[in-house]
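Reader: I'm new to this structure. Could you walk me through a few of its residues and one of its helices?

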Amino acid sequence: MLKLYLRLLRKKKSMKKIKVVCGALVQDGKVLIAQRATGDSIGKFEFPGGKVELNETYEEALIREFKEELDIDLASVSFLEKSMDHQENKEIELYCFICFSNQKPEKCIVHSKFVWTTPEHIYDYDFFESDRNLVQKLIEVWPCIQKQTK
């Protein structure tokens with residue numbers, strides 16, 4: 001039993017840790033999800049975002065990623081929830097934010113498709129199962145978000 005524990009502990013230490021941000025962009029009573037166009041998870045839907053760069057805050061990373069991927073400026077961001085995922089010797093810390101913008105994305109730059117939906121219908125799409133706790137948290141706070149945006 002001790003050998004197994006030590007092996008798991010060594011494996012965890014050798015995992016590369018990656019910090020990632022994503023944003024649930026809210027407009028007109030709906031939230032934006034985007035379909036991946038490349039990579040191992042092509043076709044999967046996600047909240048847009050990306051990796052946090054060196055010396056960048058989570059909020060700065062999210063603002064940069066939305067500019068790069070959606071070509072929009074965010075007006076405000078608020079932390080929603082943190083999630084952990086493990087993929088092929090990588091430990092991914094995902095920080096999700098609720099975002100607002102006065103602009104709507106007009107073209108797909110790194111995604112193949114955008115969909116505006118409600119939190120209850122996100123899983124009508126092939127959304128990442130590992131993000132379920134983020135979606136659940138969004139569903140919990142959705143009534144408050146709707147009150148704020150009216």
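Author: Welcome! Glu93 has its place in strand E6 (residues 90-100); strands (E, at least two residues) and helices (H or I, at least four) are DSSP runs numbered from the N terminus. This is a predicted model, where local features need pLDDT of at least 70, side-chain atom pairs count only at pLDDT 80 or more, and totals for chains, interfaces and linings use all residues. Residues are numbered from 1 along each chain as its sequence is written, and side-chain values use heavy atoms, leaving out hydrogens and water.

Reader: Is Glu93 buried or exposed?

Author: Buried means under 20% relative accessible area, exposed over 50%, and partly exposed in between, with a 1.4 Å probe and protein chains only. The relative accessible area of Glu93 is 11%, so Glu93 counts as buried.

Reader: What is the relative accessible area of Ile33?

Author: Ile33 is found in strand E2 (residues 30-36). Contact means heavy atoms within 4.5 Å, and, neighbours within four places in sequence aside, Ile33 is in contact with residues including Phe45, Val115 and Ile122. Ile33 is buried, and its relative accessible area is 0%.

Reader: How far apart are the C-alpha atoms of Ile33 and Ile122?

Author: Along the chain, Ile33 and Ile122 are 89 residues apart. Their C-alpha atoms are separated by 7.9 Å.

Reader: Which residue just after H2 takes a positive phi?

Author: Helix H2 covers residues 58-70, and its buried residues include Leu62 and Phe66. Just after H2, a positive phi of about 60 degrees is taken by Asp71.

Terms used: The expected span of a helix is 1.5 Å times one less than its number of residues.
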